[in-house]
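Subject: Structure handover

Hi,

Here is the structure for you to look over. My notes follow below it.

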Amino acid sequence: MTPLPLRIAVLGTGMMGAPIARRLRGAGHEVHAWNRTRAKAAPLEASGITVHDTPTAAVRSADVVISLLENGPVVGQVLLDAGTAQAMRKGALFVDMASIQPREARDHAARLDEMGLTHLDAPVSGGTVGAENGTLAILVGGRPEDFARAQPVFAACGRATHVGPHGAGQLTKLANQMIVGITIGAVAEALLFAAKGGADMAKVREAIQGGFADSRILQLHGQRMVERDFAPRGRMAVQLKDMRNALATAGEIGFDAPITALFEKLYAEGVDHGLGELDHSGLFVELASRNAMQ
């Protein structure tokens, strides 16, 4: 077991990476960070985090390297093509918290293993609020002994569950995003339907809480819809990426996912109509436009 505190490198300090880096530093770990645009990472220095100009410099001597990069190809480019993995010390643990395809996670794990490095795919759910508060759901695939080794990292960020071998964390995240994306659509359509018929949308949301239709989506995203507050916490464009990754994985394993396919089209049309930078609850705007309810 690596003694505490850990030396941790965080690659990617965007909406999720920055608060996670701060929480790790707040837990007493030595944190190093890198972001493609250095200026976006610079504010972390005020929290005692060392910001580096290159990912290779950030990971050197790290016990644990955390990725919060944009997608699978970017993870592969930074980790493997840019020489970051080669710069990691033997035996270091790479924890990929980015949301990528399960096959990409399995490939990264195999390639790192050949280099004497260990890997966990550990995508998260809970958005920026969960990252800031340390209440993320962390969905982990990989070896049980590596999961145990990563507990000090996970403890600072939220609740971690080991769900299976390499790739299983990403598969679980896709299942999560299928439920989130579909449920956002169901809540938006139902609230708009009620409003179109003359009901008070806010009161409808209030009335059905506590019944079988209640959910975190109804509570949080439903409130955003009522208030027309679509400032991005999780963007429409990212939700679309997740739905497409789910469909790609479904094709690989021979699974028919007609409901996800329907919602992928709806999110795609919303993004095509300029809504990509809205919160994913902004699917409400696309559905409202279809019904001339702007």
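Start with helix α15. The cover over its buried residues includes α10 (168-196), α11 (201-208), α12 (216-227), α13 (236-253) and α14. Keep in mind that this is a predicted model.

Which residues of α15 are buried? They are L283, F284, V285, E286, L287 and A288. That is 6 of the 8 residues in the helix, which spans residues 283-290, so α15 is largely enclosed by the rest of the structure. Note that E286 is on the buried list. After the helix comes A292, which has a positive phi, near 50°.

Next, α14. This helix covers residues 258-275 and contains E264. Is E264 buried or exposed? Its relative accessibility is 14%, and the cut-off for buried is under 20%, so E264 counts as buried. Leaving out residues up to four places away in sequence, E264 touches L240, M243, R244 and L247.

Now the aromatics. A search of the whole structure turns up 2 aromatic pairs. One of them is F147 with F154. The ring centres are 5.9 Å apart and the planes make an angle of 35°, which puts the pair in the tilted class. Stacked would need planes under 30 degrees apart, and edge-to-face over 60, so tilted is the label that applies. F147 has 16% relative accessibility and counts as buried. F154 is buried too, with a relative accessible area of 1%.

Finally, the chain as a whole.

- Secondary structure: 15 helices and 9 strands.
- Extent: along the principal axes, the C-alpha atoms fill a box of roughly 65 × 45 × 35 Å.
- Burial: 51% of the 294 residues count as buried.
- Contacts: taking those between residues at least 6 apart in sequence, 65% join residues at least 24 apart.
- Surface: the accessible area is about 13000 Å², and carbon and sulfur atoms account for 55% of it.
- Charge: there are 29 positive and 30 negative charges, and their mean positions lie 4 Å apart.

E264 sits in α14.

Best wishes

Note on methods: Residues are numbered from 1 along each chain as its sequence is written. This is a predicted model: local features need pLDDT of at least 70, side-chain atom pairs count only at pLDDT 80 or more; totals for chains, interfaces and linings use all residues. Side-chain values use heavy atoms; hydrogens and water are left out. Helices (H or I, at least four residues) and strands (E, at least two) are DSSP runs, numbered from the N terminus. Buried means under 20% relative accessible area, exposed over 50%, partly exposed in between (1.4 Å probe, protein chains only). Contact means heavy atoms within 4.5 Å. Accessible areas come from the Shrake-Rupley method with a 1.4 Å probe; for residues, only the protein chains shown count as cover. Lys and Arg count as positive and Asp and Glu as negative; His and the chain ends are not counted. The place of a charge is taken as NZ of Lys, CZ of Arg, CG of Asp or CD of Glu. Rings of Phe, Tyr and Trp (its six-membered ring) pair if their centres lie within 6.5 Å; planes under 30 degrees apart count as stacked, over 60 as edge-to-face and the rest as tilted.
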